[in-house]
Amino acid sequence: MANNQSANKKKRRRSNAGAFLISLLAIAGFTCIIVFGYVFINILSVTNGDPIINLEVEKNNQNQTSFLYAQGSDGKEMEILRLHGSENRIWVDLDKIPQCMRDSFVALEDKRFNDHHGVDWIRTVGVMVKPANSGQGGSTITQQLVKNITGNNEVTYVRKYNEILTALNLEKNYSKEQILEAYLNTLYLGQGCYGVETAAETYFGKSVSELNYAECACIAAITKKPYSLDPIKNIEKNRIRQVECLKDLLEQGKIDQATYDEAYNYDLILTTDSRYVPSAEEIERQKNKEEANGSSEFNSFYVDFVIEQLTDHLQKELGCSYKEATGMVYGGGLKIHTAVDLDVQKKLEDVYVNKTNWLDKKAQSAMTIMDYNGRVVAIIGQAGEKEGNLVLNRASKSPRPPGSTIKPLTAYAPGIELGEITWSTYILDYALRYQGQLRPKNYSGSYGSDSNVTVQVALAKSLNTVPARIIYKNLGFKTSYDWLKNKFHITTGVDEKDADLSPLSVGAMTYGITSLELTAAYAAFGNGGYYYAPYSYFYVEDSQGNVILDNRNPKGEQIMSAETADVMRHMLETVTSQSIGTGYDYKTRGFTNYAKTGTTDNNYDKWMVGGTPYYVAATWYGYDMPKTIVTSANPAGRIYKTVMDKVHKNLDNDKEFEDTGNVVKRYYCTHTGKLASSSCYSTAVGWYNADDLPGYCRGHYYSSSKSDDDDKKSDSSSNSNSTGGASDSGGSSGSED
């Protein structure tokens with residue numbers, strides 16, 4: 001009885017265990033059905049759904065090499081430089097990629113590419129069974145494209161699953177041709193090359209369209225291990241895989257035996273080979289690059305300026321961040337049509353690199369040359385050999401106190417425009433008593449001659465006392481500074497400090513002005529009173545050929561009347577045409593010149609700015625760590641003349657400035673500054689706004705209607721139009737030439 005009970009218990013336990021096992025299997029089976037059902041549905045929905053990767057968008061978003069162009073001496077535009085970061089990529093449409101390149105990659109990487117639908121299940125299973133199957137991995141070209149675009153190379157089942165689904169999705173939404181084109185333009189091929197075009201140029205100095213089967217097989221061989229199979233670094237290892245590629249081409253019927261033999265025996269000549277002879281296209285490209293950059297291994301200062309200005313404009317005009325703007329310049333596939341005049345730039349660089357006519361070889365200098373519509377035709381930021389890319393450009397990035405070159409901007413032009421002065425207005429040449437001191441002194445070290453001089457003479461001789469009086473007594477600090485900042489667009493002023501007597505009258509600014517901004521300001525005296533923002537490129541296209549920035553039709557801002565600009569130009573011409581003028585020794589030979597020189601306190605800075613009917617330019621000379629320039633001459637003037645003489649050597653010297661305003665030339669009485677009458681026995685010639693003539697002389701006496709001797713006695717410690725609170729630092733001794 002006991003035995004029967006024990007047996008029944010065992011049967012019940014076995015029955016319960018079996019039922020549990022069946023239930024467990026049923027649950028597992030049901031779960032598998034659900035999971036596999038979900039996976040199957042997911043595969044179907046993803047595979048047949050909208051594109052996971054938009055190849056057109058990815059094409060536009062890929063880092064692509066940018067190109068710089070310039071007009072050559074023949075007037076035709078030519079490529080002068082390519083810009084790229086760590087990724088050197090030039091996208092090439094499939095019809096520009098030769099069949100031998102397409103065949104080589106398909107034969108070596110994915111021989112069933114044209115037959116499968118994104119995944120080669122035979123290879124995939126083969127790799128799972130035997131990882132070293134035929135020396136190939138399991139990934140198809142389509143799968144490799146997914147990795148190239150996503151950058152995901154994790155060795156996980158989840159990543160592989162997603163890769164497979166994405167590959168199937170791609171094949172549903174794009175043709176084999178579209179997929180192959182994207183693949184050949186996104187894969188990494190060593191030496192920083194992305195895509196077959198830059199690889200062809202890097203390894204063979206040719207465009208991809210010029211390659212043969214041997215060269216294509218060599219490039220295709222790199223794909224598996226770009227570092228160790230780089231033919232420049234490891235030609236022997238590359239050769240093994242290159243031959244493997246050629247054998248695959250033969251076995252797959254892509255080439256015949258004769259083509260195989262020819263390719264097998266072809267002597268590869270890489271760009272590093274002593275036997276390498278560049279193609280005509282490569283020679284032309286290098287010639288253009290040398291024309292743009294000279295013999296230097298570094299980019300010219302002009303190219304640096306283009307990069308800096310373009311990066312800035314992309315932020316301001318398109319709302320890009322600095323990182324985005326930099327990415328576009330170096331990886332946006334931009335076509336940048338620069339405004340450089342290669343001939344002028346070359347002559348400028350020749351003088352600066354060789355320090356031609358330099359008084360002190362240790363001194364530094366910078367110079368900008370523009371036309372009268374904002375085009376920067378040449379720029380240089382240092383003397384001597386350039387030692388890197390994007391080094392300090394003193395012409396555009398280093399403001400220095402402008403000395404007397406500031407006077408036309410802050411005193412003379414606004415004074416004429418506002419009817420406060422004319423060419424022949426007499427003003428006392430004597431310092432003002434300001435804040436308890438007499439200031440400023442003239443360059444001679446004196447407080448002035450204590451006699452009246454005309455505005456024109458004061459400008460030509462670069463007296464400091466006269467513009468100081470014009471600013472203080474006639475204009476006021478606010479008006480003077482407003483002209484500097486808002487009309488002439490000098491951006492480096494410090495409002496609370498530079499709206500004062502010394503900065504405005506003798507250029508003792510907190511930081512100073514750059515050669516670039518000073519050149520743009522002075523251009524207004526030669527173009528009828530218009531300010532044009534300086535630009536380094538005509539226009540810029542994105543990778544799709546859309547114009548995103550355009551300077552081809554620059555719009556100038558009328559900052560003064562044409563009459564004022566013309567009178568100022570004629571007055572500035574006397575700086576070089578009259579022997580009393582400070583620029584008399586530095587005029588451009590054979591051409592009409594208008595100019596202004598400048599010197600700062602302690603002879604720390606020397607300037608020369610001026611223009612001819614062709615160009616306007618500003619030259620700074622000094623030391624990076626300011627110290628006294630020991631010379632009686634103006635080194636900036638010497639450099640300016642040396643450069644401008646070279647630039648103008650073969651230009652037509654019959655070209656003259658044209659007066660655009662209603663200005664007239666009249667004789668004036670040298671005693672009164674009024675228009676000469678029949679009784680005036682001493683006269684001189686001046687230029688005037690026809691609508692604002694000074695009236696005729698009625699008697700011979702010295703006029704001081706715009707100034708009086710009481711200034712020498714009174715403490716002029718305030719000014720009704722002053723900004724207040726700013727000190728006149730350095731004004732007591734500051735005297736520019």
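Me: By which rule do aromatic rings pair, and how many aromatic pairs does the count come to?
Reply: Rings of Phe, Tyr and Trp (its six-membered ring) pair if their centres lie within 6.5 Å, and planes under 30 degrees apart count as stacked, over 60 as edge-to-face and the rest as tilted. This is a predicted model, in which local features need pLDDT of at least 70 and side-chain atom pairs count only at pLDDT 80 or more, while totals for chains, interfaces and linings use all residues. Residues are numbered from 1 along each chain as its sequence is written, and side-chain values use heavy atoms, with hydrogens and water left out. By the pairing rule the count comes to 19 aromatic pairs.

Me: What kind of aromatic pair do Tyr-372 and Phe-657 form?
Reply: A pair of aromatic rings is described by the distance of the centres and the angle of the planes. For Tyr-372 and Phe-657 the centres are 6.2 Å apart and the planes are at 85°, and this aromatic pair is edge-to-face.

Me: How many residues apart in sequence are the parts that the pair of Tyr-372 and Phe-657 ties together?
Reply: Both Tyr-372 and Phe-657 are buried, where buried means under 20% relative accessible area, exposed over 50% and partly exposed in between (1.4 Å probe, protein chains only). Tyr-372 lies in the loop between strand E6 (364–370) and strand E7 (376–380), and Phe-657 in the loop between helix H25 (635–647) and strand E19 (663–669), so the pair ties together parts whose separation in sequence is 285 residues. Helices (H or I, at least four residues) and strands (E, at least two) are DSSP runs, numbered from the N terminus. The separation asked for is 285 residues.

Me: Is Cys-669 buried or exposed?
Reply: Cys-669 lies in strand E19. Not counting residues up to four places away in sequence, Cys-669 touches Tyr-426, Lys-674, Leu-675, Ala-676, Cys-680, Ser-682, Cys-697 and His-700, where contact means heavy atoms within 4.5 Å. Because its relative accessibility is 0%, Cys-669 counts as buried.

Me: Which residues of H24 make the contact with H17?
Reply: The axes of helix H17 (residues 407–417) and helix H24 (residues 562–577) come within 9 Å and cross at roughly 130°, where axes are lines fitted to C-alpha atoms, for helices over the stretch in contact, and angles run from 0 to 180 degrees between N-to-C directions. On the side of H17 the contact is made by Pro-408, Tyr-412, Ala-413, Ile-416 and Glu-417, and on the side of H24 by Thr-564, Val-567, Met-568, Met-571 and Leu-572.
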